[in-house]
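Trainee: I would like to learn how to read helix packing and strand pairing. Can we work through an example?

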Amino acid sequence: MNHPINHTAATLLITGGTVVSGDPTTGTVTVTDVLVRDGAIAEIGPGLAAPGADVIDASGMLVLPGLVDSHKHTWQSAVRHRCTGMDLMTYFGEMFGRLGPRYRPEDVYIGNLLGALAALDAGTTTIMDWSHVQNSPDHADAAIRGLREAGVRAVFGHGWPLVDLPEWIMNSGRDHTGDLRRIRHELLSDDDALVTLALAGRGPELSTMDVTRNDLAMARDLGIRTSIHMGCGEAFGAMAAISRLNDAGLLGPDLTFVHCSENSDDELRMMADHGVSASVAPQHEQGFPGIGHTPIDRLRGLGVTTGLSSDTEAFGAADLFTQMKVALAATRSRVNTGGSRFEDPPSAFSAADAFHLATQGAADTLGLGDRVGGLTPGKAADIVLIRATDLNLYPVTDPVAAVVNAAHPGNVDTVVVGGVVRKRGGVLLGVDQDRLRDLAERSRRHVLAP
Ligand SMILES: [Zn+2]
């Protein structure tokens with residue numbers, strides 16, 4: 001069934017919920033209202049009135065800021081769990097060497113549409129789409145089309161092609177494609193739009209320092225941020241890429257490094273010193289042989305701004321509830337076994353800390369921290385309602401712990417992005433599930449053909 005969607009941001013009054021704002025000044029407030037006007041949060045407080053507003057009864061619900069995913073290879077969403085039994089190097093060979101060149105623009109479109117809708121369905125309202133499948137300009141156009149059609153807030157991270165792959169990733173001497181300039185000028189020039197642009201860069205682990213310098217200069221000239229994978233496994237960690245960027249004077253607050261699991265404490269300190277943020281995916285770091293232990297405790301100990309991410313559905317889950325649970329378990333496990341250098345129980349990493357990494361922390365890594373990541377008047381109305389009356393959640397003693405330790409995408413009742421209701425009563429609006437399933441299955445068959 002295809003429920004219609006009203007694409008204009010109406011005045012919304014969300015009444016009587018428990019607001020878990022993520023905003024330190026507001027905190028968690030029981031039985032209160034949230035007023036949304038013109039796509040933004042206008043007011044939070046009890047007994048608000050707004051004649052003519054679309055009223056959403058949130059009694060028995062937890063009202064959260066939309067979750068923020070700081071790194072997601074959305075294009076891989078139609079080959080779900082293909083790589084679950086692989087180690088890191090086998091995944092690279094399979095996904096980038098063998099399957100990546102097969103991706104047509106329509107495969108990127110359906111991957112992005114499916115992955116972005118699965119994110120929305122699970123209460124993730126912002127994703128950083130890390131799209132290293134830019135086999136042609138048509139692939140970029142298709143990726144952006146998928147994101148826009150889904151209605152998610154997204155940063156489209158433009159990466160490199162997977163055709164002629166060795167030329168792009170083995171100490172590559174090729175600069176990032178000039179298609180980035182076309183996309184910036186013709187498709188994603190508005191930094192206030194729902195979909196914005198970043199560079200998904202290769203950095204010193206995959207290209208020469210000259211290329212890295214040129215790529216970062218292009219991104220900075222275009223006024224966009226850059227995200228780079230770092231220290232993903234021992235071999236990459238040994239390349240000391242962050243030290244080399246530091247020596248070259250290239251580190252800055254417009255950079256986000258992904259994983260960083262095998263980078264030294266000294267290198268993480270360089271990140272903190274220069275305002276470089278980090279994106280981690282603990283389900284993948286803990287579950288994918290070869291990446292290395294999730295560095296959340298080290299990043300936190302050194303003061304690096306950090307966000308959670310769902311990385312790829314070729315291995316793991318689409319949602320951030322899973323990532324919050326693994327973040328908490330993996331980080332506490334290292335504390336509990338004496339392996340952490342920076343934390344002492346019982347003050348170590350809490351459920352609230354995990355929630356922060358999936359909201360404000362992740363928003364900060366995308367340069368969107370003043371717009372999303374918390375329920376604060378003036379911020380965009382990206383809001384998620386969780387049914388706390390569901391069997392797995394009631395009675396609620398600690399709302400944040402309930403969200404982090406027990407909630408799952410099935411508890412997500414309502415999702416609002418920029419004041420537009422995308423999911424209501426547990427149903428994603430405006431989505432033809434039959435068409436989506438058919439497109440995804442056809443793409444999967446094409447990409448995975450023997
Ligand atoms: Zn990644």
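Trainee: Which residues in α2 meet which residues in α3?

Mentor: First, a caution: this is a predicted model. Now look for residue pairs across the two helices. From α2 come Pro105, Glu106, Val108, Tyr109, Ile110, Asn112, Leu113, Ala116, Leu117 and Leu120. From α3 come Asp138, His139, Asp141, Ala142, Ala143, Arg145, Gly146, Leu147, Glu149 and Ala150. By class, the contact of α2 with α3 holds twelve nonpolar, three polar and five charged residues.

Trainee: At what angle do the axes of α2 and α3 cross?

Mentor: Read the angle together with the axis distance. The axes of α2 (residues 105–121) and α3 (residues 137–150) cross at roughly 25 degrees and come within 8 Å. Angles under 35 degrees count as roughly parallel. So α2 and α3 are roughly parallel to each other. The crossing is right-handed.

Trainee: How do α3 and α5 pack?

Mentor: The angle between α3 and α5 (residues 179–187) is about 40 degrees, and their axes are 10 Å apart. The two helices are therefore oblique to each other. α3 passes α5 in a right-handed crossing. On the α3 side, the contact uses Pro137, Ala140 and Ile144. On the α5 side, it uses Asp179, Arg182, Ile183 and Leu187. Five of the residues in this contact are nonpolar, two are charged and none is polar.

Trainee: What is the angle between α2 and α16?

Mentor: About 130 degrees, with the axes of α2 and α16 (residues 433–447) 10 Å apart. That makes α2 and α16 oblique to each other, too. Check handedness separately: this crossing is left-handed. α2 contributes Glu106, Asp107, Ile110, Gly111, Leu113, Leu114 and Leu117. They meet Leu436, Leu439, Ala440, Ser443, His446 and Val447 of α16. The contact of α2 with α16 divides into eight nonpolar, three polar and two charged residues.

Trainee: Now the strands. How many residues of β6 are buried?

Mentor: For burial, go through the strand residue by residue. In β6 (residues 67–72), six of the six residues are buried, so the strand is largely enclosed by the rest of the structure.

Trainee: Do β6 and β7 run parallel or antiparallel, and how many bridges join them?

Mentor: For pairing, look at direction and bridges. β6 and β7 (residues 124–131) run parallel, and four bridges join them. Take one partner pair as an example: Lys72 is bridged to Asp129 in β7.

Definitions and conventions. Residues numbered from 1 in each chain as written. Predicted model: local features only at pLDDT ≥ 70, side-chain atom pairs only at ≥ 80, totals over all residues. Buried ≥ 20, exposed ≤ 12 C-beta atoms within 10 Å, placed from the backbone. Pairing = 2+ DSSP bridges. Axes fitted to C-alpha atoms, helices over the stretch in contact; angles between N-to-C directions. Parallel < 35°, antiparallel > 145°, perpendicular 65-115°, else oblique. Left-handed = near helix turned anticlockwise from the far one by under 90°. Contact = placed C-beta atoms within 7 Å. Nonpolar A, V, L, I, M, F, W, Y, C, P; charged D, E, K, R; others polar.
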